[in-house]
Amino acid sequence: MRSWSMLALVALSVAGCSLKTAPDTTALQTDQLSNVVLPGGWKAGGMPGDVRSGWIGGFNDPVLAALVNEALLFNLDLRASAARIEQAAAGVKAAGAQAVPAVDFLGRKGGKLGGDGSGLNGWLISASWEIDVWGRVRYARRSAEDQFASTQADMAAARQSIAALVAKGWFLATEASLQRQLARQMITSTDQSVRLAGDRFRIGAASESDVVQARADRQGFLDAEKQLDLAYVKSLRSLEMLLGRYPAAELKTTDTWPRVDMAVEAGVPSELLERRPDIVAAQRRVAAAFNTTQEAQMARLPRISLTAGLSSVTSELFVLKNRDNPIPGVGLSLLLPLFRGGALQAQVDARTAEQNLAAAMWAQTAMKAFNEVEAALAEEATLRQREPIIDAQIREAQRVLEFQNSRYRVGSGDLRAVTQQQMAVYAVRSTLLRVQAERRVQRVNLLLALGGGWGESAEIAAR
């Protein structure tokens with residue numbers, strides 16, 4: 001008995017030994033990104049300085065801010081993510097329960113005729129506690145905690161993604177509204193062309209083909225208007241779905257663009273690994289897989305458990321030797337895996353492969369993030385340069401149209417030249433709207449890629 005007591009004392013002392021530490025971001029970067037040399041700044045540009053939080057407020061659009069808050073409250077995808085967090089939290093609780101003693105109660109009633117006929121009656125309260133000598137239970141708890149942390153980071157990434165989708169949807173809906181207005185302006189312009197062609201035809205200054213051509217052009221813009229109406233309705237429905245509303249296409253949009261600051265503080269690439277929630281989630285999954293691997297390795301070693309019990313047993317048929325009730329008891333159990341057909345080692349191999357996969361997925365996530373930032377910076381710079389060029393192109397194209405109209409009115413030009421120039425003006429004005437929308441969409445893509453928060457009010461509302 002003394003040897004068992006000494007073994008228990010040794011086990012209790014060993015159970016407090018420290019565990020191995022899961023690889024952190026620096027270790028993962030060294031191991032998984034060994035061929036990647038991170039620059040001191042982004043190659044595609046970007047201002048130095050800390051990445052901003054509250055970027056929704058940077059657009060100075062209170063309607064957009066309200067829509068983001070609404071989406072974070074009612075979006076169904078976010079509710080699914082919240083359920084996954086609750087599931088992971090339950091896993092942490094279950095894993096932690098293994099570290100405390102388990103207590104069970106067993107009651108029995110066996111009469112002379114009923115049950116098994118033994119006549120045994122009584123009850124048993126038993127307790128058992130596995131002494132975590134090698135850290136198996138603690139590794140399991142750590143793995144569950146890392147899984148929980150990864151789901152929390154995934155939730156943060158999902159919130160950022162929803163905020164970004166709402167912002168981009170709002171900008172695209174605004175563009176669709178402005179494109180419809182442009183088409184209607186062109187219809188009004190072609191109405192004037194139809195009237196002018198008719199007047200000139202009646203006085204013999206133009207042919208009937210001019211009138212037919214003007215009417216055909218008007219029909220073309222009417223068709224474009226119908227297509228733009230449909231695109232506008234689709235954009236509203238998509239946005240309403242993000243908000244958790246019924247897709248009735250009843251959302252009211254504005255006809256003005258929110259402001260866009262000239263530049264964004266982008267930080268440096270190395271900071272991105274610690275800031276972006278999807279990268280953080282991937283790193284925590286690596287930690288969870290590491291601890292699961294360690295748990296599987298410790299499962300091959302002996303398990304030592306302390307047991308205790310308190311029982312009371314009586315019999316209607318037999319006279320029991322020990323009449324003292326209740327009867328206490330304590331003990332120590334040892335479970336040593338001897339032969340499992342290689343199952344325990346296979347479990348270690350499987351968990352090791354899962355850890356390697358998680359590390360590779362972390363590296364893929366990191367590289368994708370670097371590329372997203374560089375691409376967004378490059379696209380934003382190009383769009384910022386294009387906007388004034390297209391503005392100037394519109395002014396010149398409008399001057400040419402006025403010149404062609406004047407020539408047609410005095411009879412020195414034909415309607416075909418006017419029509420062609422009208423189409424040119426329409427095309428370049430439509431392109432400007434597309435660039436203005438895309439510039440704002442790319443700004444959101446950049447802010448999302450940098451991992452900055454969308455805003456304090458939205459974040460609090462989503463909790």
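**Ground rules**

I'm working from a predicted model, where local features need pLDDT of at least 70, side-chain atom pairs count only at pLDDT 80 or more, and totals for chains, interfaces and linings use all residues. I number residues from 1 along each chain as its sequence is written, and my side-chain values use heavy atoms, with hydrogens and water left out.

**The whole chain**

I started with the elements and found eleven helices and four strands in the protein chain. Helices (H or I, at least four residues) and strands (E, at least two) are DSSP runs, numbered from the N terminus.

Next I looked up burial: 41% of the 463 residues in the protein chain are buried. Buried means under 20% relative accessible area, exposed means over 50%, and partly exposed is in between (1.4 Å probe, protein chains only).

Then I checked contacts, meaning heavy atoms within 4.5 Å. Of those in the protein chain between residues at least 6 apart in sequence, 83% join residues at least 24 apart.

**Two helix lengths**

I compared spans next; the expected span is 1.5 Å times one less than the number of residues. Helix α9 runs over residues 343–410, and its 68 residues should span 100 Å at 1.5 Å a residue; I find its end C-alpha atoms 95 Å apart, which agrees.

**Helix pairs**

Two packed helices are described by the angle between their axes and the distance between the axes. The axes are lines fitted to C-alpha atoms, for helices over the stretch in contact, and angles run from 0 to 180 degrees between N-to-C directions. Angles under 35 degrees count as roughly parallel, over 145 as roughly antiparallel, 65 to 115 as roughly perpendicular and the rest as oblique.

*α9 with α10.* Their axes come within 8 Å and cross at roughly 160°. That makes α9 roughly antiparallel to α10. By class, I get 20 nonpolar, ten polar and eleven charged residues in this contact. Ala, Val, Leu, Ile, Met, Phe, Trp, Tyr, Cys and Pro count as nonpolar, Asp, Glu, Lys and Arg as charged, and the others, Gly among them, as polar. The crossing of α9 and α10 is left-handed. A crossing is left-handed if the near helix is turned anticlockwise from the far one by less than a right angle, and right-handed if clockwise.

*α6 with α10.* Helix α6 (residues 208–242) packs on helix α10 (residues 415–450) at an angle of about 15°, with the axes 10 Å apart. The two are therefore roughly parallel, and their crossing is right-handed. On the α6 side I see Asp210, Gln213, Ala214, Asp217, Phe221, Ala224 and Leu228, and they meet Leu415, Thr419, Met423 and Tyr426 in α10. I sort this contact into seven nonpolar, two polar and two charged residues.

*α2 with α9.* The axes of helix α2 (residues 25–32) and α9 come within 10 Å and cross at roughly 90°. That makes α2 roughly perpendicular to α9. Thr25, Leu28, Gln29 and Gln32 of α2 make the contact with Ala359, Ala360, Trp362 and Ala363 of α9. I count five nonpolar, three polar and no charged residues there.

**Two buried glutamates**

I found Glu175 in helix α5 (residues 136–202). Its relative accessibility is 9%, so Glu175 counts as buried. Leaving out residues up to four places away in sequence, Glu175 touches Trp257, Leu433, Arg434 and Ala437. I also noted that Glu175 and Val435 are 260 residues apart in sequence but 9.6 Å apart in space, C-alpha to C-alpha.

Glu225 lies in helix α6, and with a relative accessible area of 11% it is buried. With residues up to four places away left out, I see Glu225 touching Ala183, Arg184 and Ile187.

**Two positive phi values**

Most residues other than glycine have a negative phi. Asn60 is not a glycine, yet I read a positive phi of about 55° for it. I place Asn60 in the loop between α2 and α3 (62–74), and at 53% relative accessibility it counts as exposed. Ala249, also a residue other than glycine, has a positive phi near 60°; Ala249 lies in the loop between α6 and α7 (269–275).
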